[in-house]
Amino acid sequence: MRVLVIYCHPDPGSFVAAARDRALAGLAAAAHDVRCTDLYSDGFQPEMTATERRTHAVPGLASDLQPYADDLQWAEALVLIYPTWWSAQPAVLKGWIDRVWVAGVAWELPEGKQVLRPLLTNVRRIVVVTTHGSSKFVNAVEGEAGKRTMTRSIRTMCSKRTRTTWCALYGVDDSTPQRRAKFLDRVERTMAKL
Amino acid sequence: MEALVVVAHPCDDSFAHAATVRAVAGLEAAGHSTTLVDLYAEKFVAAMSREEHHAYLRDAPTLDTDAPTLDDQAIRHGELLSAAEIVVFVYPTWWSGLPAMLKGWIDRVLVPGVAFTFDARGKLRPGLTQVKHIVGISTYGSPRIYVAAINDNGRRTITRAFRVSCGLRTRTTWMGLYAIDTRTDAERTAFLDRIELKMSSI
């Protein structure tokens, strides 16, 4: 399968970076065709510009973002690896959605229609690998906003049959080395089975 | 009361900015001392840096200082937030959530010492207990029923995740204009009027 890995963390030495390495190892073991994007090392600018906003109904995107759109349209599976902050994606990852999932890439609005037509029907698998500082209970009370953005909102622009997998380590701030190691094993296993 | 209004929209002639003007007018009419933070106008940087992330994780082995290495702008915004009794967010909902600009503000300003503290036993304590009222004002491209099906994730981030850092009795008010692209001018005006009225009664 053609797999696009989107990784977002400011620290190359972080636990999330370790999870990415294990995800890539799992994908390599299964001989998938992989492209990996590191949004922070790319210096991805997350803030949508005024020009982008004013032309958001017009198909196309800022020319420097074209490679990101090409990757999205190439992928059969999306693997998103990031820390959950304040119940949602870090700003840099949210900015990648805001600025790359635009008209002509992720959706189109056919003439005279009210409902967007999905364009990323090439994507039929979404896997999220994330860490939460707080417990599963606290996240449930807070409403799992980030999870729903991934498994519902962006999924609407992918294939109707897109399967989603949520691979999360809750309570990472208080986690033991054993739990962390177990989680990394799970990440690699999940990717190898993709 | 001290009110802080935070707006995130790239275009200064946007409906969100019109809503901001009316919200500020309502708050001032009610006698609240209001501070406006326009994130795009201030050229706020949404991305949390590696240094800031280290500072955030106070127990990180690489952290060699006690003071979070935040930039002046984030520190100033943190001080405004710490003084605010009313916090108003104005933004367009994109992909069911906050624009990256506003999410970045939350990522970088809601740090230890501002959003929460640790007590003597190392337990997490809310840091914004002086906030009595949280208000969200947002526009949506989708109709309300669709927003409900996908989940209003931006709203949840503000009224739940952010609210956890506030007091137990902190109230929340939500004002949304749904399916904005199909709204008539009269409906938009009515929404703006409703914002000013509501803000003047807080």
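**Close-up views of a predicted two-chain model**

**View 1. Helices H1(B) and H7(B) cross in a right-handed way.** Right-handed means that the near helix is turned clockwise from the far one by less than a right angle, and left-handed means anticlockwise. This is a predicted model: local features need pLDDT of at least 70, side-chain atom pairs need 80 or more, and totals for chains, interfaces and linings use all residues. Residues are numbered from 1 along each chain as its sequence is written, with chains lettered from A and ligands numbered from 1 in the order written. The axes of H1 (residues 15–29) and H7 (residues 185–200) of chain B come within 7 Å and cross at roughly 30 degrees. Axes are lines fitted to C-alpha atoms over the stretch in contact, with angles from 0 to 180 degrees between N-to-C directions. The two helices are therefore roughly parallel (under 35 degrees).

**View 2. H1(B) meets H7(B).** Among the residues from H1(B) are B:Phe15 and B:Leu27; H7(B) gives B:Leu192 and B:Ile195, among others. Contact means C-beta atoms, placed from the backbone, within 7 Å. By class, this contact has 11 nonpolar, two polar and four charged residues.

**View 3. Five strands of chain B form an open, parallel sheet.** The order is E2-E1-E3-E6-E7. Strands pair if DSSP finds at least two bridges between them. E2 (33–38) and E7 (171–177) stand at the edges with a single partner strand each, so one side of each lacks a neighbour in the sheet. Six bridges join E1(B) (residues 2–7) to E2(B). B:Ala3 stands opposite B:Thr34 in E2(B).

**View 4. Chain A touches chain B.** Each chain gives 30 residues to the contact.

Notes: Contact = placed C-beta atoms within 7 Å. Helix = DSSP H or I, 4+ residues; strand = E, 2+ residues; numbered from the N terminus. Parallel < 35°, antiparallel > 145°, perpendicular 65-115°, else oblique. Nonpolar A, V, L, I, M, F, W, Y, C, P; charged D, E, K, R; others polar.
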